Amino acid sequence: MEKKYKSSDYAHVLRLAVIIVVAGVLAVFARGMFLPDTMGQYGHYRGSDLVDQRNVEIRSHTNESCYECHRPIRLIHKAGVHKTVSCEFCHGPYADHITDGKYVAKMPVKRDMEIKTLCLRCHNKIIRARPEESIKVVAMPQHLEEKKVNIAHNCNQCHMVHDPLLWVKAAYDMMGLEMKGEKK
Amino acid sequence: MIDIKKEIQKDRRAFIKNVLSGTIAGSLLMVIPAGAALDERLPEQLPGMRGDDSPFTEKKFAFVVDVTACIGCGSCCVADKNEYNVPDGNYRTWVERYVIDDHDEVFVDSPNGGLDGYTEPRKDIPYPVRDTFFVPKLCNMCEKPSCVQVCPVGATYKTEDGFILIDKDRCVGCGYCIQACPYSVRFLNPVSRTAEKCTWCYSRVRQGLLPACVNVCPVHARKFGDLNDKTSEVYKILREPHVISVLKPGMGNQPALHYLGLRREVV
């Protein structure tokens, strides 16, 4: 005799189906809750992060920003061979000085031997990897000996840091001499 | 507490209205991005970027580093550290010094990532030096980035205009991307415990400024521009005959960072 199946015989399957459906609904709900709204807007990432990334604070400005206020230095710095050197390299980032258009703190100024360290950071001949076309390098203290100045002299005693050849050129002019290998 | 209870009992409806409107206004303020505090008087270094609010630009940016011009001053590293307050010991960009002796042995060093500049010559080279030069390194912004592929949470992604960025809110700090990057440009920020790397200064670029390192380079060894613009310097360099190469071309990542005058010894 064939066995008659009662509906209760399928109860375990039904239970499993209910559990799966409930778990699925919960999973969809949880996914909606935990995933950021803009996830997948443009791809597998949070679309609103593009906006966040664009609003990352800009702390370094350009030399032009500094020239807005520092007029006398602008005239010297812009005319000299150091015109490509960033103000912020020696003096620190703009944002430490001005925030929201307001003055917040004084910029550090390098003094004494710090200046020499800073000059030699680029101009030291002992580092041979520096291409001659890019930069004029000097050996220390041979440069001082060659120019017949006191060996204890600091760079900024002959070279104005914002335009290194300003005083040198003036001195040559006063003496009525031509500068050798002058670079424009 | 008693005051609040009194307030509620006085007019329940008005109280709920006030609380709700306050919450909505507060959350809206958090959603609306704060206006960028950029001085509009700043010169626009990348034309056509300001006022472009679309999520992706129509541009195709490329970075060119001229190895034959770099003097290893470390201006770029200083600018980068200033711009992003990069934690000590980690570098978004750094400058390597290569020394090759006449027995073809290659010596590479990068004291503090070039942040303090190069003050001392290498003294441990056994034979006369044949060639020596600086190689600045930064994110290669690959066409096929390995880091994006491995990220399990979708925290690192490639924008349609070619930037690879990291969503620091989604990053879980698993470090897969750090291992996957063939150029080792990624690091785990010890403070936020999330992955970080050079972004080619995405925020600056979107506001019409050059990346911080390009802006400060005194010898113009770093060049940045749009390849869709046929008058840009990078377009001219990459389309005209020059010695151009990318790092590890065999990896197949197709970097958008190109080197001008790179020696074959560089990895």
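# Learning to read this two-chain model

Me: Which residues does B:Thr156 touch, not counting residues up to four places away in sequence?

Reply: Contact means that heavy atoms lie within 4.5 Å. By that rule, and with residues up to four places away in sequence left out, B:Thr156 touches B:Cys147, B:Val148, B:Cys151, B:Ile164, B:Leu165, B:Ile166 and B:Arg186. Before going on, please note that this is a predicted model, where local features need pLDDT of at least 70, side-chain atom pairs count only at pLDDT 80 or more, and totals for chains, interfaces and linings use all residues. Residues are numbered from 1 along each chain as its sequence is written, chains are lettered from A and ligands numbered from 1 in the order in which they are written, and side-chain values use heavy atoms, with hydrogens and water left out.

Me: What is the mean pLDDT of chain B?

Reply: pLDDT is the predictor's confidence in each residue, on a scale from 0 to 100. Chain B has a mean of 88, and 85% of its residues reach 70 or more. Residues 28-37 of chain B are a stretch to read with care: their pLDDT is below 50, and beyond near neighbours in sequence the stretch has five contacts in the model. For the complex, the predictor gives an ipTM of 0.84 and a pTM of 0.83.

Me: Back to B:Thr156, then. Is B:Thr156 buried or exposed?

Reply: A residue is buried under 20% relative accessible area, exposed over 50%, and partly exposed in between (1.4 Å probe, protein chains only). B:Thr156 has a relative accessible area of 3%, which means that it is buried. Its place is in strand E5 (residues 156-158) of chain B; helices (H or I, at least four residues) and strands (E, at least two) are DSSP runs, numbered from the N terminus.

Me: Which side chain makes a polar contact with the side chain of B:Thr156?

Reply: A polar contact is a pair of N or O atoms within 3.5 Å; within protein, one must be able to donate a hydrogen and the other to accept it, and residues adjacent in sequence count only if both atoms are side-chain atoms. The partner here is the side chain of B:Arg186, at 2.7 Å. The side chain of B:Thr156 also reaches the backbone oxygen of B:Leu165 at 3.1 Å.

Me: Now a residue in a loop. Where is B:Ser192?

Reply: B:Ser192 sits in the loop between strand E7 (187-188) and strand E8 (195-196) of chain B. With a relative accessible area of 38%, B:Ser192 is partly exposed. Its side chain makes a polar contact with the side chain of B:Thr194 (2.9 Å). The C-alpha atoms of B:Ser192 and B:Val172 are separated by 9.9 Å, although these residues are 20 apart along the chain.

Me: Last one: how many of the 24 residues of H1(A) are buried?

Reply: The number is zero, so H1(A) lies largely in the open. For its length, the expected span of a helix is 1.5 Å times one less than its number of residues. Helix H1 (residues 11-34) of chain A should span 34 Å, and its end C-alpha atoms are 34 Å apart, which agrees.
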